[in-house]
Amino acid sequence: MVNKKIIRKVVAAIVLFLLPNAMSLAQCKESITRAENSRIEGIVRGADHYYRNLIIQDIALAAGISMQEVSIRLDYKLNITVDKCVPGRLDISVNPISGWCDPHLYREFDVSASLAPSRADLVFYLRNHLGIIFDSVMIAGVPLGPDTGDVFSRQIDISPLDGQVSQIFARAAFHYDKQAYDGFRDHVLIIDEYYAAAVMADSAYRLITNGFLSENTSPVQIFLRQAEIERIARYVHPAAFDSLTAFGTHDHASLTAKHRRLERSSTRYKTLFKQSRPGEPLFHSPLAARILIEEWLDWQDHYRRMAYHTEYKFINFFEDLAIPQFSNSALQQWNNKLKDAMINPWIYRDYLTVSMFLALTERAERFENAGSQMHALRYYEAAMKLAVLTHLRDREETALLRVCQMKQEVMLSYLRIAGLAAGKDNPGLAVQYFHRARDLYHSNHLHCVDKDTLAGFGRMMYAGFESKVPSLIGAGAFRKANSFLQEIKARCDENTGYSCPEDLTAWTTDVNQGLYEEMIRLARRLINRDELAEAEQLFKQAGAMRYSVRPVADERWIESRLRQMHYDDFIDEGIRYFNKEEYDFALYYFSKAYHFQQGNLLSLRKELPEYRRESSRHVIEKLFSDTRLKIWAHDLETARHYLEQAGSMLAEYRVASDDPLKIEYERLQHEVFTSECIAARDVYDALMEGVFRARERQDFMAAHSLAVEAVNHSLDHISCRIRDDRAWYQRVVLEPLSGFQQKEKALDLLAAGSPEPYLDAFRELNSYYSRQKLLEQGVVFISLKERVLRADDIEFLTGMYDHYVRMNDPEQCLALLHVLHEKGAEWKTMSGRQWDLAKDFAKADVKNLENETMPWEFMRAHVGTDLWFRPFRLSYKLAWIGETKGKFRYWPLIWKK
C-alpha cells in the first residue's frame, strides 16, 4: 500500500514537471528590432546593378566628381521575428524595411528621399549549440518602404546534431529597380526644370533691360511683347515647383523674385500701352503686322537656340516654349487683349491670324530646306491647329497637305535608318526606328501617311530577320542570331497578325546551345586570365541554361576551379578575421572551407587544420570567460548553456583529457553545479516560507500551489539532494483544503442567473466538506442562507426567493426581499411576492399577539416605512383585519398608522 502511494506521488510529480515545458512553447517566438546603416559607394559591375549605376552616374555628373567618389549613407531599421516553435525548424521573418538616406545635395536640393534602394537581400549567420557559425541563409527581395503588413520569411531545417540554433544578422545587400530610378529621375528633372525656369526668367529680363522693350518702342511692339512677357511669366510660374521648394521656403535660385520682376515689367508695359497714342489705329498695314509677327517668331527661335547652347538638361524645357502652342483658351485670351486695345475683330482676323499662319508656314519651309524635318513638322502642325481653331478653311487644307507631306518624309527617313540598321546586323536599332515611324503614323489622329508603305516595310524587315537567323547560326554568330531572334519573338508576342516562323523553336534551341557553349569557353578563358569573379558570373548565366542544353565537358573543370576559388576565399577571409581576433567569424569561414574539402578541389591548404584548431580554442576560451561572467552575475542557466557549448566543442575537436582547456572545463562544471545547488536550496526555502505564510492567512490554494512548486523544484534539482519531506507533507495536507477553496470560488461564480446549478454545487461542497472531515481541521462551513444573502445578481436572488417559498421559510424570504431592495430590484416585479408574504406574516403575528403589542409595531418591525414595501403593508393590513375578524379595536388604528 505504501509503495502504491509513493508511485502515485512520483507520477504526479512527473506530470507537474512536464507542464512548464509545455507552457514554454508560448515563449518560443522572439521579435527583434535592429537599427543598422550601410554605404552605397561607387559603381558595381553586373547587370543587376544597372539602375544603381545610373543614379551614381547622375550624382557624380552633377557634383563634378568621379563615380567612385560618390558615397550615400543609408540608415535602416529591421523588424525580425524568429520562430523556434516547430521542433527541427527555424523560421526567420522580416517586415518591409524602413530606410532613409543622409542628406545628399543635387544642385542645392536634398534628394535623399529619392535615393533609398528598392529592396534588399538580408543575410543571416546561423550559430549552433557549440557556438560555431555553421551556415548562412538569405531572405531575398525584401522591399524598403512603409510596412504593408507583408511578411518575407525563410524556413531552415535544423539537424539534431546542431542542437539549439541561433541567428545573427550579418549584412544587407541593397538593389535598385526601374521604379526607384524613375523616382530619382523625376526628382532630378523637376530640379533641372526649376533652374531652367530661373535661367529663362533671367534671360527674358536681360532682354527687357537691354532694349527689347524700351519705353520708346511703338505701341504695337509694346502690345505684342507685353503679351510675350506674360506668356513667359506663366510658363516659369513658381507654383509649378511648390513640391520642390516647399512653397518658396527653399527657393535657391530666387525664382519667385524673378517671376515677380517679370510680372512688374508686364504690368508696366501694359500701362505704357494704354497711355501711348490714344485714338490712333494699332496696325497701319498688313506689312507692319507681318514684321511684328516675324520678330515674335524670331524670339521663339531664340528659345530654341538657348536650348542647345545652355546646359543640356534645359533642352526639353526650352523647346516646349520655342514652338507656338494654340488652343481655344489661348486664342480667347488674345481676342480679349485685342478688344481691350480697341482693335476691330475683322482687322484681328485679317492682319494677325492670316499673317501668323503665313509666318508659321514660311518658318516651317525654312526649317525644311535646312534639313530640320522635325522642327518643320512642328511648325506646320502649329499652323494647321491655328487654321482649324480660327476656321480658315482654305488655309487648313494647305496646312494639312504640308503636315502630311512632312510626316511622310520623316516616316520615310525613319524607315531608311531602320533599313540601314537591319543591314548592319543591328535589329534593335532597326525596330526602334520602325516603331518611331509607326508612332508618327498614329500621331495627331491624321492617318495621311501611306499605310501600305509602313506595313510593307515591316513585312520586308521581319522577313529579312528570319532569313538571317539560320545563316548566322550556321556561321556560329550566335549572339547576332539571338538579337534577331529576340526581335522576332517580340513581334510574335505583340502582333497577332504576324505569322511566326515554323523553325522558331529549332532556332531557339540551336542559339541557346551555341550561347551556352560560347559562355563556357569564355568562362574558361577568363579563369586562365585569373578573372575569376567575371568567370563565375558568366558560369552562372550558362548554368541558368543548363536544363535546356546539352552540357559540355569543360563545365566540371570550371566548377572545380570556381570551387577552389571559394575554398581559398573562405580561408583568406578566416585568416583576416583571425588576425583581427574575431575568432567566432574566423571559425565559421574555416569550417566552411573544411567542408569544401569533402568535394572536388584542385589543391588543399595545409594551414587550414591549424587555423581551425586555434580558432576553436579561442572560441572555447571565450565561452569559458562568458561562463565565469554569468556565474558571477548569478545567471546560472546561461552559464550552464555556455558550458554545454564548450563541452560539445571539446568533444568535436577531440581535446585531450590532460589539456588545460579540459581541466578548466571540469573545474567550471563543478563551480556551476555548486552554484546551481546553492541557488536551488535558496529557491526551495523561499517557496516553503511562502507555503507557511499563505497557510497563516488561510489562502490554502496558494499554499498548495507553492508546495507543489517546491516538490517539482526539488525533483528538477534531484542531484542537489534537497530534503523535501516538508514540501511533500504540506502538499498532501493542503490538497483537501485547497480543493475546498477551489469549490467555494466556483460556487461564488454560479451566483448568477438560475439558482439550480448553484444549489447542486452547494450540495457537492457540503458533501466534500464532510468527506474530507474538514471540521476537524478547523474549517468553518458557511450555510446556504448566509451565502445567498451575500449575492448581487437580482435574477439569482429572485430565483432563491422562490426556492425558499417552496421550502416554507418566510423569514429567509423577508431577508431576501430586503436584499433585493438594496440591489435595485423594481418593486413592481416583486409586488405579487410581497403581497403573498405579507399574508403569512400577518397570520403568524395575530397568533402571537399580546395585549400590549399593536399591529403597526409588528408591520414596522418587518418592513419599516420605505415606499418600496407598499404592497407588503397593504396586504398585511387587509390580512390582519381578516384574521381579527374586523375588530374595531385594531383596524382604525391600522389604517391611520
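What follows is a walk through the disulfides of this predicted model, and then two further cysteines.

The structure contains three disulfides.

**Stop 1.** Select Cys-28 and Cys-85, which are joined by a disulfide with an S to S distance of 1.8 Å. Look along the S-S bond: the link of Cys-28 and Cys-85 is right-handed, with 85 degrees about that bond. Cys-28 sits in the loop between helix H1 (2–23) and strand E1 (29–41), and Cys-85 in the loop between strand E2 (71–83) and strand E3 (89–94), so the pair ties together parts that are 57 residues apart in sequence. With the surface on, Cys-28 is buried at 15% relative accessibility, whereas Cys-85 is partly exposed at 28%.

**Stop 2.** Move to Cys-492 and Cys-500, a disulfide whose sulfur atoms are 2.1 Å apart. Cys-492 is buried, at 17% relative accessible area, while Cys-500 is partly exposed at 34%.

**Stop 3.** Next select Cys-677 and Cys-720, a disulfide with S to S at 2.0 Å. The torsion about its S-S bond is about -80 degrees, so this disulfide is left-handed. Cys-677 belongs to helix H22 (residues 660–696) and Cys-720 to the loop between helix H23 (700–716) and helix H24 (725–749), so parts 43 residues apart in sequence are tied together. Cys-677 is buried at 5% relative accessibility, and Cys-720 is buried at 6%.

**Stop 4.** Finish with Cys-101 and Cys-813. Are they buried or exposed? Cys-101 is buried, with a relative accessible area of 9%; Cys-813 is buried too, at 2%.

Key:
Residues are numbered from 1 along each chain as its sequence is written. This is a predicted model: local features need pLDDT of at least 70, side-chain atom pairs count only at pLDDT 80 or more; totals for chains, interfaces and linings use all residues. Side-chain values use heavy atoms; hydrogens and water are left out. A disulfide is a pair of cysteine sulfur atoms within 2.5 Å. Helices (H or I, at least four residues) and strands (E, at least two) are DSSP runs, numbered from the N terminus. Buried means under 20% relative accessible area, exposed over 50%, partly exposed in between (1.4 Å probe, protein chains only).
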